[in-house]
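Please look over the structure below before reading on. My points follow it, in short form.

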Amino acid sequence: MENSEGVKIESTVVTEEPLISALDIALFVVIITVAYFWYFKRDKQSSSSEKKPYTIQPSSLSSIEQTSNSSFIKKLKSTGRSLVVFYGSQTGTAEEFAGRIAKEGARYKMKGMVADPEECDMADLVEMKEIQKSLAIFCIATYGEGDPTDNAMDFYEWLQNGDADLEGLNYAVFGLGNKTYEHYNEIAIYIDQRLEELGATRVHEIGLGDDDANIEDDFVSWKEKLWESVCSHYGIEETGEESNIRQYKLVDCSEVLPERIFSGEISRLKSYENQRFPFDVKNPYLSKIAVNRELHKSGDRSCMHIEFDIDGSKMRYDTGDHVAVYPKDSSELVDKIGELLNADLDAVFSLLNTDEESSKKHPFPCPCTYRTALTYYLDITSNPRTHIMKELIEYASDPKDQEKLKLMASSTPEGKKEFHEWILRDNRNIVHILEDLPSVKPDLDHLCELLPRLQCRYYSISSSPKVYPKSIHITAVLVNYTTPTNRVNKGVATNLLAQLIPTNDELPQPTIPIYIRRSQFRLPPKSQTPIVMIGPGTGLAPFRGFIQEGDYARKEGREIGEMVLYFGCRKKDEDFIYENELQEYVANGTLTKLHLAFSRDQPEKKYVTHLLEQNADELWNIIGEKSGHLYVCGDARSMAKDVHSIIVKVVMEKGQMTNSQALNYVKKMEQQKRYSADVWS
């Protein structure tokens, strides 16, 4: 026979049994008990929800607010749209550009929507041909060492691994990159070419934005020509309608209960009070500052060594990883905006997307106060882009202020010149603009819609988890500088960190939200592989972790390869950071060679690049004869480029190769992860 689960039971003796056994009675009691509690618990929850007063529910960027329907095609069809603009964004700029394109579509009789590829089934691109006069535009940033942004990774892999028939798909691509990096706009270029390979039709040539120059100018110039191509391709004309249509509408939240109001959380309400693992970009860990000490010995500059306490967080990092720090804007600047606009910063509000089909219901966590929005969610210190100038025009009561804004918002040579000089060269932020154009009084809720999101700041981790498993160290230079208008601009994150000094008493220690971002900047798999590290200034940060790890392996009795460090700073007695540590590693044999360049300790400037040229034999011995690894960390604009040129020259001369052979050799090193760069511009 079989029991209730279909398992055969062998039986050789048949006996008389009662109709209801003790086991049956026990099971019956359990079932009745469970049913009782389930029914009354449900009834209780139902009645409590009926008694609960209606309030606007807080929402955020979390997946909870996203629609469960990942088909952007269905949304396009159901709402009569023909334009979809996808964005691959790490800092928010690509998303902002996508929104501007979608908004302008109405001028060309193309109702548009913005879409995050991470939330969409991108295989639906094959169905775009079913929508008349449809167009897909991709605003795609290249991040790191030629990598797609986090939210575009799945789409990128789908293009690489798939073989979809995209015939009938009309598309255009704008890339966001930085020319100081080797892999300039690599992801956008790949997507543009791959879509064509799969049969799609390119409506307009790819645009390549350079963040090292003026990416706003690049974007505006490309966008104007894009619409010309769109009109030609579809046989349509611009309507000529110029209107600043709000994407979000203001919702009064004065009656919302205090416990339902965001106070700086990135995503989940009360996430800093109720911390939950895992911690990531939408759920950072509120870390205590364990150590904050000055590294510079003298001079008017400051460099901080900061240690974040991660004990008990379950967070793990690898040597070479980055830590993201969530800053907040200074209360002085926030108060200044409230004063200039005569606004109540403590009023509670929400911004709700006017597009009901959009998966992004709010531009930042809502509801919150204006003070919270300006402090934690909005970037009020960067140079505003031209579209903000355009939106501010209607709020200028003085004709002169109005004309100045119109000029800077235009794409004429005169307008671009004025914007470059008055905004970029003079380094004005939104506070400075409101101060210098006193008749401009925008509604504060509209200003909150226009300003970009405040982004976290990334720092190379300057410690090894083998030595410091319960803390993360960073090395950060305090950013303060005077602008051409004689204003002092302060780095948002570093000036906040400078104030977070731990105390020795029982007072609560200062905290800051952080999370770990994985990196490809890694030590060789084998500890005996020799390495060369080139890191002037705070470029030393990840190499401090590398050296700590090597020292740990040596003390364990493992064989370690040569560790050669090139470090440079201005003056030995002023900004030679971690001097005692480095000298100790040299003394105990962990650090094989320490090459130092103090640029201002002698009449002629001396940099690490000069030392590299002098030590060509040592370099070739490690990277050529011993197949060692080479690492560069620091400024991408000049130092990293100069180092690359020197390495190619060394390979040519010592490896007896032609220039093309040397370039190929270095390229192969990069592909094999034997030549790695952790650089910034």
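**Notes on the model**

1. Asp-150 sits in the loop that links strand E4 (147-148) to helix H4 (153-161). The model is a predicted one. Asp-150 has 47% relative accessibility. That value falls between the 20% limit for buried and the 50% limit for exposed, so Asp-150 is classed as partly exposed.

2. Asp-150 also belongs to a surface patch of negative charge.

3. Glu-238 is another loop residue to check. Its loop runs between helix H6 (215-234) and strand E8 (248-252). Glu-238 has a relative accessible area of 38%, so it counts as partly exposed.

4. What does Glu-238 touch, leaving aside residues up to four places away in sequence? The contacts are Arg-107, Tyr-108 and Cys-231. Glu-238 also lies 9.1 Å from Ala-106, C-alpha to C-alpha. In sequence, Glu-238 and Ala-106 are 132 residues apart.

5. Helix H14 (residues 492-499) is mostly covered. Of its eight residues, six are buried. These are Val-492, Ala-493, Thr-494, Asn-495, Leu-496 and Leu-497.

6. Now the whole protein. It has 681 residues, and 50% of them are buried. There are 21 helices and 23 strands. Among contacts with a separation of 6 or more, 75% join residues 24 or more positions apart.

7. The accessible surface of the protein is about 33,800 Å². Carbon and sulfur atoms hold 50% of that surface.

Key: Residues are numbered from 1 along each chain as its sequence is written. This is a predicted model: local features need pLDDT of at least 70, side-chain atom pairs count only at pLDDT 80 or more; totals for chains, interfaces and linings use all residues. Side-chain values use heavy atoms; hydrogens and water are left out. Patches are made of residues with over 30% relative accessible area and no salt bridge: like charges are joined within 9 Å, nonpolar side chains (Val, Leu, Ile, Met, Phe, Trp, Tyr) within 5 Å. Accessible areas come from the Shrake-Rupley method with a 1.4 Å probe; for residues, only the protein chains shown count as cover. A salt bridge is a side-chain nitrogen of Lys or Arg within 4 Å of a carboxyl oxygen of Asp or Glu. Lys and Arg count as positive and Asp and Glu as negative; His and the chain ends are not counted. The place of a charge is taken as NZ of Lys, CZ of Arg, CG of Asp or CD of Glu. Helices (H or I, at least four residues) and strands (E, at least two) are DSSP runs, numbered from the N terminus. Buried means under 20% relative accessible area, exposed over 50%, partly exposed in between (1.4 Å probe, protein chains only). Contact means heavy atoms within 4.5 Å.
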